[in-house]
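Visitor: I have not looked at this structure before. Please show me how to read its features one at a time.

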Amino acid sequence: PKLREVTIHYLRPEDIDDQGRSPGIDGMLAAAKKLRAFDSYKLWVGALSFAGNSLESVDLHRSDSLAWLKIWAPNLRNLGLQGVYGLSRLDFLDCHSMQSQLPPGHVIPHLEVNTTNSNLSAQAKRSLRNHPTAEKAGHQHGGMPTEGMFARMFGGGGGGGSVDSDWGEDDGDESEDDDFDEDDFNEHTDDEEDEDTGDDEDEDE
């Protein structure tokens with residue numbers, strides 16, 4: 001429960017279920033209520049859920065198979081989606097059981113989002129536009145030369161070099177993604193919204 005930082009590089013979990021979730025990783029994230037930073041590179045999962053008042057950075061560089069992402073993180077400052085080629089659903093939760101532990105008058109910080117060489121659905125782009133403080137990051141990972149090529153293959157755009165998924169303007173598509181099943185997604189994340197045990201009241205050492 002006191003885990004602060006997680007780094008996972010080059011991992012294809014053996015416990016992936018038919019929804020693309022890893023119960024092992026999901027369980028770790030659900031228990032890590034004080035997590036501040038999650039950094040991954042080529043983590044092969046189809047869905048991830050984050051929930052924490054202390055979480056400031058989530059970097060999912062080259063999460064090629066990631067399709068679903070759900071986040072409750074009122075102090076999130078960095079969201080890295082570089083090289084995420086098929087994100088169908090992105091949800092920033094409006095409420096959570098941990099909300100009551102925020103200080104009165106809490107202000108959401110600016111959120112920098114890196115979408116270089118990503119391929120985002122219309123719904124994911126709307127979620128970014130609707131976030132009250134999200135803005136395009138002024139930095140990106142170097143990445144391999146093939147990263148931009150894969151982004152264009154999966155619909156990120158044309159031309160040479162890097163591709164920046166444009167989410168700053170309305171694309172006019174208000175339809176939801178046909179292959180997204182919200183019931184399936186919520187079924188695997190309900191446990192994360194259980195009442196906290198109170199461990200967050202401990203002061204950081």
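Visitor: Which residue of β5 is the bridge partner of Ala51?
Guide: Strands of a sheet pair through backbone hydrogen bonds, either parallel or antiparallel. Here the bridge partner of Ala51 in β5 is Trp72. β3 and β5 pair in the parallel sense over five bridges; two strands count as paired if DSSP finds at least two bridges between them. Helices (H or I, at least four residues) and strands (E, at least two) are DSSP runs, numbered from the N terminus. The model is predicted, so local features need pLDDT of at least 70 and side-chain atom pairs pLDDT 80 or more, while totals for chains, interfaces and linings use all residues. Residues are numbered from 1 along each chain as its sequence is written, and side-chain values use heavy atoms, with hydrogens and water left out.

Visitor: In what order do the strands of the open sheet lie?
Guide: The order is β3-β5-β7, three strands with parallel pairing. β3 (47-51) and β7 are at the edges with a single partner strand each, so one side of each has no neighbour in the sheet. On average, neighbouring strands of this sheet are turned by 5° against each other, direction ignored; the axes are lines fitted to C-alpha atoms (for helices over the stretch in contact), and angles run from 0 to 180 degrees between N-to-C directions.

Visitor: How much space lies in the largest pocket?
Guide: Rolling a probe the size of a water molecule over the atoms shows where empty space is left. On a 1 Å grid over the protein atoms alone, a cavity is a set of points where a 1.4 Å probe fits but cannot get out; a pocket is an open set with protein on both sides within 12 Å along at least five of seven lines, and lining residues have an atom within 4 Å of a point. Grid points are joined across faces, edges and corners, and a volume is the space filled by probe spheres set on the points. The largest pocket holds about 400 Å³. It is lined by 20 residues, of which Phe92, Leu93, Asp94, Ile108 and His131 are the closest to its centre. β5 (68-72), β7 (89-92) and α2 (122-130) each give two or more residues to this lining. By class, the lining of the largest pocket has 12 nonpolar, five polar and three charged residues (Ala, Val, Leu, Ile, Met, Phe, Trp, Tyr, Cys and Pro are nonpolar, Asp, Glu, Lys and Arg charged, the others, Gly among them, polar).

Visitor: How many cavities of 30 Å³ or more are there?
Guide: The count is two, and about 50 Å³ of space lies in the largest cavity. Its lining includes Ser49, Phe50 and Ala51, and β3 gives the most to that lining, with three residues.

Visitor: Is α2 mostly covered or uncovered?
Guide: Mostly covered: seven of the nine residues of α2 are buried, meaning under 20% relative accessible area, with exposed over 50% and partly exposed in between (1.4 Å probe, protein chains only). Among the buried residues are Gln123, Lys125 and Arg126. What covers the buried residues of α2 includes β6 (78-80), β7, β8 (111-114) and β9 (134-136), where contact means heavy atoms within 4.5 Å.

Visitor: Where does Asn117 lie, and is Asn117 buried or exposed?
Guide: Asn117 lies in the loop between β8 and α2 and is buried, with a relative accessible area of 3%. Asn117 has a positive phi of about 55° although it is not a glycine.
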